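Here is a short briefing for a first look at this structure.

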Amino acid sequence: MILLLDFGNTRLKYFLHGEEGISHTGELEPKAYWKQLQQLQQDYPQLREAVAAAVRGLLSSSLWKKQLQLPLLLVNAAHIALPFTTHYTSLD
């Protein structure tokens, strides 16, 4: 099972993805997300890795390794070239 994280400008969202697709979704509280992520890891011991997209640099791989025991692929979503035009303005 993979933990997918979307660290946006205003909301922190998570998705749990297993063999049958997305099984659970939710939002994390900005001031308590480490504690909530640790709880998710306890509630779902089958989590094996995480992928996080962050537009504001909220995560660092060293902080992640210190807080949780999951391998992390960190994607800087503000710098991804998309094959379509959006009207989204980044804060970077």
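The model is predicted. The protein chain holds two helices and five strands. Read from the N terminus, its elements run β-β-β-α-β-α-β.

**Around strand 4**

- Strand 4 pairs with strand 1 in the parallel sense, over six bridges.
- Leu3 has Ala50 as its bridge partner in strand 4.
- Strand 4 also pairs with strand 5 in the parallel sense, here over five bridges.
- Ala53 has Val75 as its bridge partner in strand 5.

- In what order do the five strands stand in the open sheet? The order is 3-2-1-4-5, and the pairing is mixed.
- Strand 3 (21–28) and strand 5 (72–76) are at the edges; each has a single partner strand, so one side of each lacks a neighbour in the sheet.
- From one strand to the next, the twist averages 15 degrees.
- Strand 1 (residues 2–7) and strand 2 (residues 12–18) run antiparallel and are joined by six bridges.
- Ile2 stands opposite His17 of strand 2.
- Helix 1 (residues 33–43) packs on the sheet and touches strand 1, strand 2 and strand 3.
- The direction of helix 1 makes about 165 degrees with that of strand 1.

**The nonpolar core**

- The largest nonpolar core has 18 residues.
- Which of its residues touch the most other members? They are Leu3, Leu5, Phe7, Leu37 and Trp64.
- Strand 1, strand 2, helix 1 and strand 4 (49–54) are the elements that give two or more residues to this core.
- Helix 1 gives the most, with four residues.
- Leu3 has contacts in several parts of the chain, leaving aside residues up to four places away in sequence. Among them are Tyr14, Phe15 and Leu16, then Leu37 and Leu40.
- Leu3 also touches Leu47, Glu49, Ala50 and Val51, as well as Trp64 and Leu70.

**Aromatic rings**

- How many aromatic pairs does a search of the whole structure find? The search finds two.
- Phe7 and Tyr33 form an edge-to-face pair, 5.3 Å centre to centre, with 70 degrees between the planes.
- This pair links distant parts of the chain: Phe7 belongs to strand 1 and Tyr33 to helix 1, and they are 26 residues apart.
- Are Phe7 and Tyr33 buried or exposed? Both Phe7 and Tyr33 are buried.
- Ring pairs join Phe7, Tyr33 and Trp34 into a cluster.

**The chain in numbers**

- The protein chain has 92 residues, and 26% of them count as buried.
- Among contacts in the protein chain with a separation of 6 or more, 45% come from residues 24 or more positions apart.
- The protein chain exposes about 6,400 Å². Carbon and sulfur atoms supply 53% of that area.

**To take away**

- Strand 1 is joined to strand 2 in the antiparallel sense and to strand 4 in the parallel sense.
- Leu3 has a bridge partner in strand 4, and Leu3 is one of the core residues that touch the most other members.
- Phe7 is another of those core residues, and Phe7 also belongs to the ring cluster with Tyr33 and Trp34.

Definitions and conventions. Residues numbered from 1 in each chain as written. Predicted model: local features only at pLDDT ≥ 70, side-chain atom pairs only at ≥ 80, totals over all residues. Heavy atoms only, no water. Pairing = 2+ DSSP bridges. Axes fitted to C-alpha atoms, helices over the stretch in contact; angles between N-to-C directions. Contact = heavy atoms within 4.5 Å. Core = buried A, V, L, I, M, F, W, Y, C linked by side-chain atoms within 4.5 Å. Buried < 20%, exposed > 50% of the residue type's maximum accessible area, 1.4 Å probe, protein only. Phe/Tyr/Trp six-rings, centres within 6.5 Å; stacked < 30°, edge-to-face > 60°. Areas by Shrake-Rupley, 256 points an atom, 1.4 Å probe, with all protein chains shown as cover.
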